[in-house]
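Student: I have a structure to read and would like to go through it feature by feature. Where should we begin?

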Amino acid sequence: MLDVAEQTTPLRATAGPPGGSTLAAGTKPDSAVVRDALGVGIAVGLSGFAFGVTSAGSGLSLLQTCALSLLVFTGASQFALVGALAAGGNPYTAAAGAFFLGVRNAFYGLRLSQLLALPRALRPLAAQWVIDETTAVTLPQPTRRAARIGFTVTGLTLYVLWNLTTLVGALGAEALGDTDAWGLDAAGPAVFLALLAPMLKSTTERLTAALAVLLALGLLPVLPAGVPVLLSALSAPVVLFLLGRAKGHGPGRTGTEDAGATRAEGGR
């Protein structure tokens, strides 16, 4: 276990005015981290009700529905699975689409494992909570201590609420009648978009997100569930490539001129 000094060390350098202190920029009160984590955990956890209703409406039993939330615990993959089954898809195809959609969590885990630096005994348990929401709360934290608090509070709150509301939703599906008429299957993606939108601060990020949406919507009618989302990840290298070419070869500039401009800027 890391000592307190290491846990409170800023995870990245923070710039400050000459002669000024950077401590305030590199720390965050525990109460603020807990507040943010609870906000995300509660808001998203309540949408487990929508999954419970949708899953029961797709023909899954109460036990199957609750097992998905307890064991899979990644909302997008769960919605993709029950959505494909409700549309009459093959169970194996539906499961494959859900699996590939959940692969993104493995990439989250690569970054979070370095950031959290948890003891080996805890890593298999923590892996169950590596999802979109815990990643979104953990990554912006300025210290390892804050990252661990954010990850733990978000994961615990979300896991408990998601499973409880899944149970309530599955039990109440019959009372709601036609679940398609309520549009509850859109609750999960809507919550995720609400979390993602504030993080798109630069032009590159906004362009990447816009292209990803276009790819996903365009491929949705022709590819199996889950595949369009995976292919939409190609938007990132495409946007970076195009922006790199635009910056490196502006109108009317040659490679020699670019090199001269670089030397001139370095001499200032």
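**Reading the helices and their packing**

Tutor: Helix 13 passes helix 15 in a right-handed crossing. A crossing is left-handed if the near helix is turned anticlockwise from the far one by less than a right angle, and right-handed if clockwise. Helices (H or I, at least four residues) and strands (E, at least two) are DSSP runs, numbered from the N terminus. This is a predicted model, in which local features need pLDDT of at least 70 and side-chain atom pairs count only at pLDDT 80 or more, while totals for chains, interfaces and linings use all residues. Residues are numbered from 1 along each chain as its sequence is written, and side-chain values use heavy atoms, with hydrogens and water left out.

Student: How many helices and strands are there in the chain?

Tutor: The chain has 16 helices and zero strands.

Student: What describes two packed helices?

Tutor: The angle between their axes and the distance between the axes describe them. Axes are lines fitted to C-alpha atoms, for helices over the stretch in contact, and angles run from 0 to 180 degrees between N-to-C directions. Angles under 35 degrees count as roughly parallel, over 145 as roughly antiparallel, 65 to 115 as roughly perpendicular and the rest as oblique. For helix 13 (residues 203-219) and helix 15 (residues 235-248), the angle is about 135 degrees and the axes are 9 Å apart. Helix 13 is therefore oblique to helix 15.

Student: Which residues make the contact of helix 13 and helix 15?

Tutor: Contact means heavy atoms within 4.5 Å. Helix 13 contributes T204, L207, T208, L211, A212 and L215, and helix 15 contributes S235, A236, V238, V239, L240 and L243. By type, the contact of helix 13 with helix 15 has nine nonpolar residues, three polar and no charged. Here Ala, Val, Leu, Ile, Met, Phe, Trp, Tyr, Cys and Pro count as nonpolar, Asp, Glu, Lys and Arg as charged, and the others, Gly among them, as polar.

Student: At what angle do helix 5 and helix 6 pack?

Tutor: Helix 5 (residues 75-86) and helix 6 (residues 91-102) pack at about 160 degrees, their axes 8 Å apart. The two are therefore roughly antiparallel to each other, and the crossing of helix 5 and helix 6 is right-handed. On helix 5 the contact uses A76, S77, A80, L81, A84 and L85; on helix 6 it uses P91, A94, A95, A98, L101 and G102. These residues divide into 10 nonpolar, two polar and no charged.

Student: Is V33 buried or exposed?

Tutor: Buried means under 20% relative accessible area, exposed over 50%, partly exposed in between (1.4 Å probe, protein chains only). V33, in helix 2 (residues 30-45), has a relative accessible area of 0% and so is buried. Not counting residues up to four places away in sequence, V33 touches K28, Q141, A146, I149 and G150. In the chain of 268 residues, 33% count as buried.

Student: Where in the chain is confidence lowest, and where is it highest?

Tutor: pLDDT is the predictor's confidence in each residue, from 0 to 100. Confidence is lowest in helix 16 (residues 255-267), with a mean of 45, and highest in helix 4 (residues 62-72), at 93. Over residues 252-268 the pLDDT is below 50, and this stretch has four contacts in the model beyond near neighbours in sequence. Where pLDDT is low, the predicted coordinates should not be read in detail.
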